[in-house]
Structures are given as structure tokens and as C-alpha cells.
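Trainee: Could we go through this structure together before I write up my notes? I would like to start with the overall picture and then move on to some local details.

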Amino acid sequence: MSAGKVEEKLFQNRYVIDAGHPHIRIVDQARCQSGCRQPCLVCCPAGCYTLDGSEVVLITDGCLECGTCRVVCLARNLEWEYPRGGYGIQFKFG
Amino acid sequence: MAETFDAIVVGAGPAGNAAAYTLARAGLAVLQIERGEAPGAKNVQGAILYADALERLIPDFREEAPLERHIIEQRMWVMDDESHIGTHFRSNDFSRPPHNRYTIIRAKFDKWFSKKVQEAGALVICETTVTGLLRDGAGKVIGVQTDRADGAVYAEVVVIADGVNSLLARKAGFRSELAPKDVALAVKEIHFMPKELVESRFNVQQGQGVVIEMMGKITQGMMGTGFLYTNTDSISIGVGVMLSDLMEQRLTPYELLEHTKAHPSVRPLLEGGEMKEYAAHLIPEGGFRAIPRVWGDGWLIAGDSGMFVNAVHREGSNLAMTTGRMAAETIIDLARAGAPMDAEHLAAYRRRLDDCFVIKDMKKYKDLPDIFHANNQFFTTYPELVNGAARTMLTVDGVDKRSKEKEIFACFRERRSLFGLLGDAFKLWRAFR
């Protein structure tokens with residue numbers, strides 16, 4: 001496996017995707033753009049946060065539900081809930 | 001679902017299971033709510049199980065719990081980029097039953113633990129997320145709101161064991177948001193290989209296992225540690241760093257894990273394994289000072305939700321089981337005495353914790369997190385210096401030994417200065433004593 005290919009890691013995991021109901025939401029993109037160093041891009045262990053141009057894009061499908069993004073978002077710019085019961089990552093081994 | 005229980009336990013990790021098991025065994029009507037498909041589906045740990053905390057709940061757990069290997073050898077590695085220097089402790093004592101600690105795979109173990117909880121008489125419902133606490137006009141917690149239709153359930157007392165993020169405690173204002181300096185992110189993979197290979201590679205016999213704890217350059221200058229645990233036919237490999245350090249640099253957690261796996265001391269141990277899962281989890285490592293108030297009117301907090309982790313000794317699940325059990329014992333005492341589940345009476349929980357190893361140990365190391373945060377030489381400079389010293393002394397190249405000693409001492413003085421060295425020694429002595 002090549003270094004840093006997070007997709008290949010996530011591919012091994014089992015998810016029950018709650019299509020159309022992302023459990024984390026960026027509240028206000030403008031706050032991401034106003035001087036924030038955007039630690040979410042680096043810290044998320046599932047690589048859920050990427051840049052599209054200068055916009056921070058969040059796709060929660062590979063989320064490991066660890067909570068890192070919420071803690072490092074010092075601007076408190078995330079609405080962060082757990083997925084609905086039975087959805088999201090289902091660890092086979094944990 | 002408009003039913004009333006004696007107690008509701010939120011979460012089916014070690015804290016929630018210990019609480020629900022203890023409550024149910026005492027004959028209380030217990031509802032336990034878990035958001036995963038099955039108990040364990042959302043839980044992540046290294047994972048080492050310390051026998052003592054579980055033994056106090058289920059004395060004969062060894063006969064039926066899904067345990068991987070009992071640990072007979074502990075290796076501690078201090079690493080630079082190319083080398084490691086360290087200690088091994090291996091004892092035949094650890095091979096004699098009853099064994100003191102085991103590697104476990106949490107998804108399997110938690111399912112078993114939950115079965116014991118159900119056999120004890122608790123009602124366990126999965127695939128249900130608790131979205132908030134229900135409170136009466138005076139603010140007393142009287143139940144929980146779930147994401148099911150008609151999802152309100154009521155109880156005399158709620159044990160909050162929903163894990164490190166504890167959305168419940170935060171939404172209710174019982175706890176503040178985690179600070180990046182109080183929490184570590186650990187990422188890990190599990191690699192499967194034949195059990196004979198595990199045994200020959202780690203020099204152990206059937207059922208025996210090895211743990212390796214790693215510190216130094218393995219965390220790329222960040223405060224943290226790496227670990228490698230042997231399971232029956234797999235190896236857990238992981239690395240954890242403080243979020244306050246992670247957010248200040250540009251390396252992702254999965255790149256950090258790849259660096260750990262590629263270290264020349266680690267890579268041969270994983271050779272031939274097949275990676276089957278990648279997981280991440282936060283570990284509350286803020287220590288004694290980060291513990292919130294863990295009781296109030298109609299509620300108690302146990303386990304990671306209450307920041308009960310002894311990071312120095314890599315202990316967490318045993319603190320979770322112990323706090324869960326003590327939360328339950330506090331409730332049982334009050335129920336039997338017919339006393340109200342209010343803050344005044346539930347405060348007995350904190351006194352129980354104060355009197356046992358949980359708070360005693362956490363108090364002992366209360367200064368350590370701050371010292372490591374302020375002194376990252378312990379994770380960078382020293383590992384390089386001690387590995388360099390070993391390399392110098394062990395390389396036979398015609399240079400006399402006294403000159404080598406001088407060279408080593410000069411390196412230490414150059415990198416840390418005499419006062420720096422003495423100061424560091426003092427800081428560590430004060431923090432560990």
C-alpha cells in the first residue's frame with residue numbers, strides 16, 4: 001500500500017451509509033475562509049475534508065466517528081451529531 | 001416506549017456494560033441503549049484487557065470471554081528514525097494462570113460482555129441513538145430522548161457512558177467541549193496472519209502474547225506513542241498523538257501510521273499480514289485536571305465520558321469498568337435505602353472514586369500532561385540522543401571507549417545544555433514521583 005492512501009484503508013471497513021443524512025455539517029463556509037488554518041484537512045483520519053478550489057468540502061461517508069474534526073474546529077463551525085441508530089461505521093474488529 | 005426504568009445506561013462500552021451488569025444483578029430494572037448495530041460496533045481500543053477490573057464483575061470470565069493472548073512480555077521502545085533502544089520484560093510468572101492481562105478484539109469481546117449484561121436481566125436495545133437528556137422543571141434528569149419514534153424513555157437515574165465525545169454531557173452543559181491539548185487521536189490497523197507465524201515471530205507459545213509500546217521519533221515530534229499488540233491470528237498496530245500537536249503540522253494521521261508501519265524495527269513484524277480494518281478513536285488524556293463533575297440530579301458519568309484514562313500507564317478500559325461499576329453500586333445503595341437520586345446523594349459516587357485507584361492514580365500524574373506539552377524534547381531530542389549513544393558505544397571502529405563516552409556526553413550537552421539536562425531530570429522526577 002502506498003503511503004497516505006486513505007481510500008484503500010477505508011475500503012476495508014464496513015459502513016451502513018445513511019444516504020442523504022450526513023451527520024456532520026459545516027455551518028458557515030465563510031468562517032472556513034476567514035483566516036482559519038483549516039486543521040480539519042490535516043487532522044481527519046478518514047480524509048473526509050478536502051479542498052475544492054478554496055472551499056472546504058465535507059463528505060461524511062468514510063467517517064470513523066472519532067470526533068477529531070469537532071475538537072480541532074476552534075471556530076465551532078461544525079454541527080456534529082452521531083449518525084442515526086444503526087448507521088455509519090460498524091467496526092468488525094474495533 | 002413510554003416506560004419507566006430504575007436506571008438507563010447510555011452506551012455499551014466497558015463503562016456502560018459494567019454499570020448495566022451491576023445494576024441488573026442487583027435486581028434493578030435497567031435499560032441500556034447502544035447506537036451501533038450490535039454492542040461493540042462503534043467501539044475502538046488497542047486493545048489490552050486488564051483482568052482485575054473485569055474479575056471484580058465476573059470472577060470466572062476467563063472460562064468464556066473471547067480473549068486473544070495473555071501477555072507474557074512487554075517491550076518499550078524509544079525510537080529515532082532508524083533505530084530503537086529499549087527494555088524487555090518477560091516472565092514465566094505471566095504464563096501461570098490466572099493471567100493478569102490479555103489482548104482482546106473489542107467487537108468480539110463487547111458482544112460477549114453485552115450477552116452477560118442481558119443474562120443478568122437488563123434490557124439492551126441497539127441501533128438507537130440517544131439524542132438528549134430529558135429534564136424536569138427543576139433540571140433533574142428524568143430520562144432520555146432517543147431517535148426512535150416515540151423515543152422518550154424515563155428512569156430514576158441515567159448513567160452517561162456514551163464515550164469520549166459525550167455529546168449528551170456536553171449538550172446538557174455537564175461538561176465543556178474537549179480541548180485539543182486534552183485529547184489524543186489514535187489510528188490503528190489490524191493485520192491478519194497465521195497464528196503460528198505470530199508465535200514464531202514474537203518468540204511465544206500458543207496463547208501467549210507480546211506488547212510493544214513505542215515512543216520517540218515514531219510520532220514525528222508530536223506528543224504521543226505507538227503500539228503493537230499480538231492477537232491470536234492478527235496484529236494490532238497503531239499510533240496516537242495529541243490533537244494540539246497534530247493540528248500544528250501538515251502530516252495526516254494515516255501518513256503518520258504509514259511512517260510507523262514503515263519503521264525498520266516495525267516493518268518486518270507486519271510482513272505477510274493482511275490488513276482487514278482501519279480505525280480511529282479519541283483518547284481523553286487530559287488527566288486529573290480534565291475530569292469534569294461526574295454526578296448531579298439524576299445523572300452520573302462513567303468511563304471515557306468522564307475523562308477517566310491513565311495515559312501514563314496506558315490504562316482506560318479498566319478505569320471505565322471500575323467507574324461504571326462504582327456508579328452502579330452508588331445507585332444500588334441509594335435504591336436500597338429508598339434515598340432520592342439527587343446530586344447530594346449521588347455525590348457518594350465521587351467519594352468512592354476518590355478512595356480507589358482511579359482517582360489516586362490520576363492525581364499522582366496530574367502534572368505530567370502539562371510537562372510533556374511544554375517539553376517536546378522528550379519525544380524528539382532524547383530518543384535521538386540515547387539511540388545515538390547506543391550506536392556510538394556499540395560500533396567497533398578503533399576509537400577508544402573513553403573518547404566515545406566524551407563524544408556522547410558532548411552530544412547531550414550540545415543538544416540540551418547541562419542545565420537543560422538537570423532541569424529535564426528534575427521535571428520528570430517531580431511528575432512521576
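This is a predicted model: local features need pLDDT of at least 70, side-chain atom pairs count only at pLDDT 80 or more; totals for chains, interfaces and linings use all residues.

Trainee: OK, how many helices and strands does chain A have?

Mentor: Chain A has four helices and six strands, where helices (H or I, at least four residues) and strands (E, at least two) are DSSP runs, numbered from the N terminus. Read from the N terminus, the order of elements in chain A is α-β-β-α-α-β-β-α-β-β.

Trainee: And what is the radius of gyration of chain A?

Mentor: For chain A the radius of gyration is 14 Å, close to the 12 Å that the globule rule gives for 94 residues, so chain A is as compact as a globular protein of that length. The radius is taken over C-alpha atoms, and the globule rule is 2.2 Å times the number of residues to the power 0.38. The C-alpha atoms of chain A fill a box of roughly 40 × 35 × 20 Å along the principal axes, and buried residues make up 36% of its 94 residues. Here a residue is buried if 20 or more other C-beta atoms lie within 10 Å of its own, exposed if 12 or fewer, and partly exposed in between, with C-beta atoms placed from the backbone.

Trainee: Now chain B, what does its secondary structure come to?

Mentor: Chain B has 16 helices and 17 strands, and its C-alpha trace spans about 80 × 50 × 40 Å along the principal axes. A compact globule with 433 residues would have a radius of gyration near 22 Å, and the 23 Å of chain B agrees with that. Buried residues account for 50% of the 433 residues in chain B.

Trainee: Switching topic, is strand β11 of chain B buried or exposed?

Mentor: Nine of the ten residues of β11 (residues 183-192) of chain B are buried, so this strand is largely enclosed by the rest of the structure.

Trainee: Which strands does β11(B) pair with?

Mentor: β11(B) pairs in the antiparallel sense with β15 (residues 274-284) of chain B over ten bridges, and with β14 (residues 234-242) of chain B, again in the antiparallel sense, over nine bridges; two strands pair if DSSP finds at least two bridges between them. B:Leu185 has B:Leu282 in β15(B) as its bridge partner, whereas the bridge partner of B:Ile190 is B:Ser236 in β14(B).

Trainee: What about helices α14 and α15 of chain B, at what angle do they cross?

Mentor: The axes of α14 (residues 381-394) and α15 (residues 401-416) of chain B come within 10 Å and cross at roughly 170 degrees. α14(B) and α15(B) are therefore roughly antiparallel to each other, as angles over 145 degrees count as roughly antiparallel, under 35 as roughly parallel, 65 to 115 as roughly perpendicular and the rest as oblique. By class, their contact has six nonpolar, three polar and four charged residues.

Trainee: Last one, where is the peptide bond cis?

Mentor: The bond from B:Gly46 to B:Ala47 is cis, with omega near 15 degrees, and a cis peptide bond also joins B:Pro97 and B:Pro98, with omega about 0 degrees. B:Pro98 is found in the loop between β5 (84-90) and β6 (101-103) of chain B.

How values were computed:
Residues are numbered from 1 along each chain as its sequence is written. Chains are lettered from A and ligands numbered from 1 in the order in which they are written. Axes are lines fitted to C-alpha atoms, for helices over the stretch in contact, and angles run from 0 to 180 degrees between N-to-C directions. Ala, Val, Leu, Ile, Met, Phe, Trp, Tyr, Cys and Pro count as nonpolar, Asp, Glu, Lys and Arg as charged, and the others, Gly among them, as polar.
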